[in-house]
Amino acid sequence: MKMVELLKMTTAAQRKKAMKEAGFNTFLLKSEDVYIDLLTDSGTAAMSDRQWAGMMLGDESYAGSKNYYHLEEVVKDVYGYKYLIPTHQGRGAENILSKILIKKGDIIPGNMYFTTTRLHQELAGGKFEDIIIDEAHDPENEFDFKGNVDLDKLDRLVKKHGAAKIPYVSIATSVNMAGGQPISMKNLRELRAYCKKHKIRIIHDMTRVAENAYFIQQKEKGYEKKPVKEIVKEINSYTDGATMSAKKDALVNIGGFLALNEWDVFEEARNMVVVYEGLHTYGGLAGRDMEAMAIGIGESVCDDHIRARVGQVIYLGNKMMEYGIPIVKPIGGHGIFVDAKKFLSHIPQGNYPAQTLAAEIYLDSGVRTMERGVVSAGRKANGENYYPKLELVRFTIPRRVYTQAHMDVIAESAARVYEQRNKIKGLKMVYEPKYLRFFQAKFEKL
Amino acid sequence: MHTIIEPFRIKSVEPIYFNTKEERKLILEKAFNNLFHIHSKDVLIDLLTDSGTSAMSSNQWAGIMQGDESYAGSPSFFRFEKTIQDITGMPLVIPTHQGRAAEKILFSVLGGNGKYFVSNTLFDTTRANIEFTGAEGIDLLCAEGKLPSVPAPFKGNMDTEAFKNFIAEKGAANIPLCIITVTNNSGGGQPVSMQNIKAVKKICKENNIPLFIDACRFAENSWFIKQREEGYADKSVKEIAHELFSNADGCTMSAKKDAFANIGGFLAMHDEDLALQCRNLLIITEGFPTYGGLAGRDLEAIAIGLEEVLDENYLQYRIRSIEYLTNKLIDAGVPVMQPAGGHAVYIDAKEMLPHILPAQYPAQALAGALYTEGGIRSVEIGSLMFGKYDEGKSLIPAQMELVRLAIPRRVYTQSHIDYVAEVIIEVYKNKEQIKGLQIIEEAPTLRHFTAKLKPIN
């Protein structure tokens with residue numbers, strides 16, 4: 001460590017008060033009331049001394065900043081995409097891409113939904129269809145590549161709607177909602193061949209591509225000896241463009257981009273980015289943040305970094321399993337996903353078991369986690385709740401921030417709550433916002 | 001009177017790369033005579049914008065190091081929120097990654113086909129955001145504001161009679177919002193008087209139209225009120241700013257101007273329902289309401305910058321330095337917008353280059369000449385930025401053809417400014433040699449950012 005950030009300890013009474021004020025929604029807690037913050041791995045990384053040095057080299061010119069050209073070069077070199085449009089974060093890129101490619105009535109198949117991604121697709125008039133393999137919906141299935149696409153499901157969609165109605169297939173690496181599960185290179189290659197035949201683009205949600213590449217190196221035949229950097233480039237080569245939230249893999253606190261190989265789409269995106277984000281050579285980012293991103297991208301594909309990163313997540317997961325806590329298996333790349341349906345089997349899904357469990361963990365130790373279940377899934381266009389098969393609490397590990405001792409505290413807290421699980425009561429929702437309700441919804445104890 | 005020195009000294013420097021006139025000629029040609037296409041390393045003095053180009057203070061950099069990057073509920077947000085509540089008196093504060101995002105959200109909620117947004121003058125991105133929703137942006141600037149060479153104290157004022165007539169014509173129900181831009185950027189960085197704001201507020205109130213302030217340069221405007229308006233000489237700039245905001249129902253701000261930040265912006269308001277709708281949209285395109293697409297460190301830097309800008313020694317220096325360059329140019333006979341504005345010097349290209357027709361973009365041509373002569377990057381505010389085509393595809397020119405030399409805050413020294421004056425005066429002496437331009441490629445909206453042009457022989 002080169003620089004530390006001081007933490008505040010809280011008492012059980014303080015936490016009880018804070019949780020009540022936050023309406024049993026961990027998003028609404030003040031971060032100073034949180035001891036270990038596992039809400040997200042997005043934007044929470046500790047930057048390296050090299051990145052901080054890059055921050056001092058920010059060129060804040062409105063047009064043509066050198067940091068933009070550096071970033072463009074790195075994206076080309078490390079990721080292999082031709083054209084770059086920086087955005088203030090990943091959802092900025094999703095917004096622009098959805099508006100350009102999706103027409104009303106279009107179908108967007110993908111390997112499991114993600115909250116903001118699906119919302120942008122729907123707002124642009126499209127409909128998301130899940131084509132992930134069935135194994136992904138079973139938290140106990142130990143298949144290595146639960147992020148894979150079921151090509152039969154895709155083929156059925158193509159036959160039903162016609163390829164012309166499918167502007168692109170949306171592929172995430174390290175599928176977040178499935179528990180950070182990777183997609184295999186073999187599956188990607190097959191998908192590519194299928195899409196090529198039907199002239200359908202593949203757009204890559206690449207926010208955790210390096211973590212996915214690490215799993216390919218560890219588990220897929222023929223990749224044992226390949227460096228992560230090479231694997232990342234091969235993954236990207238099977239896709240036509242990407243949206244990136246650099247706040248994950250790329251080790252920055254803010255930033256994202258849209259990367260494309262098609263000139264026409266790029267040109268349209270470049271005109272649109274000025275309205276939503278900023279001129280196309282800064283996209284709503286300070287020059288220093290583009291520099292930190294360029295350096296972070298380089299660091300994120302180093303084998304040593306990614307081994308330590310995923311290793312820490314696996315350490316925490318193994319420790320929880322030793323305590324008997326039900327988690328999604330195999331352990332994913334960026335966090336531990338606890339199976340709340342099983343953990344709190346006496347609470348029906350309509351009483352938000354994952355939301356409840358996240359609140360209980362905070363009350364026990366000040367560890368902040370996030371619900372990924374019925375609250376996050378939201379409602380269908382007709383107003384009915386989505387009831388997802390997975391009802392999870394996500395313990396997301398920020399990159400390079402917490403030590404092994406912190407991991408021990410987290411596992412011990414989860415174990416204490418697990419021991420008292422039968423006494424825990426569910427919740428009811430008392431306030432529900434229109435979009436992305438999980439961010440701001442409020443609850444009361446039953 | 002003694003020289004007004006900067007109320008700060010330099011803590012960190014950034015090198016400038018020198019190039020020759022010959023090299024610059026080639027660079028401009030390769031950039032298709034559009035300075036937005038030039039790499040910043042090829043620019044000696046970058047006066048393209050005062051937006052996001054400030055030098056932050058050591059205190060702000062310390063804030064950058066203290067930024068709390070928690071996704072939700074960061075203390076950096078609560079500091080940011082409290083500072084804005086203190087200055088504006090508005091309880092509901094919504095951070096955004098920059099000013100245009102705040103506008104985008106506000107206009108998405110309030111805009112739509114058949115609606116009119118009325119203003120003293122809307123800036124380019126503001127207008128684009130309004131028009132994107134199908135609504136129309138209407139500029140009702142006072143008469144003196146349209147005459148660059150005539151000095152007047154408050155040339156940013158809105159024409160209140162025209163506002164009343166417009167309401168009578170279109171109906172208040174079709175006007176969801178009135179926006180006062182302080183200072184008036186497109187009209188020369190000219191201030192709006194408190195009296196005018198109050199008069200506009202009165203009309204708005206009578207007709208149930210909410211009033212918002214585009215507050216990018218609120219401190220500079222408040223300083224002008226203190227200097228020029230009766231009854232304000234003894235009030236602090238903070239008090240004046242507070243009074244200014246007290247007349248409004250809300251504001252949008254790009255923190256990249258008066259808050260000395262390199263990135264960031266916000267929306268603030270009184271109306272809870274409107275805030276709720278804005279936050280719903282915020283989450284989709286910007287981020288969670290306690291970070292709005294900004295790093296925690298940037299929230300800190302903005303909060304600190306908003307306090308620093310209210311320092312009257314700073315504002316005196318800031319406004320005086322713009323005046324210094326303006327006066328040098330006036331003495332040499334260069335036609336400039338008078339009196340000096342708050343953040344930039346505006347050269348009247350229409351008057352300076354009468355041999356170039358508006359349809360040949362005289363201000364763009366002049367900006368090119370300033371770059372070639374001295375490596376100075378300025379920006380055209382004229383028919384390239386604001387011109388439109390009529391049905392027969394011929395250009396409807398903008399009211400004015402200006403070249404804006406925006407002075408970044410706390411970045412350049414007096415010798416840089418002396419150099420800028422020398423370059424402009426040199427170009428002025430040889431003005432007959434400047435040629436008009438024609439567009440060879442353009443985008444349907446905000447074309448000035450990416451358009452390609454070539455000289456007319």
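Contacts between chains and between domains

In this predicted model, the contact between the chains takes 46 residues from chain A and 42 residues from chain B. A contact here requires that the C-beta atoms of two residues, placed from the backbone, lie within 7 Å.

The greatest contribution comes from α10(A), with 5 residues. Sorted by class, the side of chain A that touches chain B is made up of 19 nonpolar, 17 polar and 10 charged residues.

Within chain A there is a second contact to follow, that between its domains. Domain 1 of chain A is assigned two segments, 12–34 and 303–445, while domain 2 of chain A covers 49–300. Their C-alpha centres are 26 Å apart.

Where the two domains meet, 21 residues of domain 1 of chain A are in contact with 23 residues of domain 2 of chain A. On the domain 1 side, at least two residues each are supplied by α12 (303–322) and β9 (335–339) of chain A. Of the elements on that side, α12(A) gives the most, with 4 residues. By class, the side of domain 1 of chain A that touches domain 2 of chain A holds 9 nonpolar residues, along with 6 polar and 6 charged ones.

Terms used:
Residues are numbered from 1 along each chain as its sequence is written. Chains are lettered from A and ligands numbered from 1 in the order in which they are written. This is a predicted model: local features need pLDDT of at least 70, side-chain atom pairs count only at pLDDT 80 or more; totals for chains, interfaces and linings use all residues. Domain bounds come from an automatic or database domain assignment. Ala, Val, Leu, Ile, Met, Phe, Trp, Tyr, Cys and Pro count as nonpolar, Asp, Glu, Lys and Arg as charged, and the others, Gly among them, as polar.
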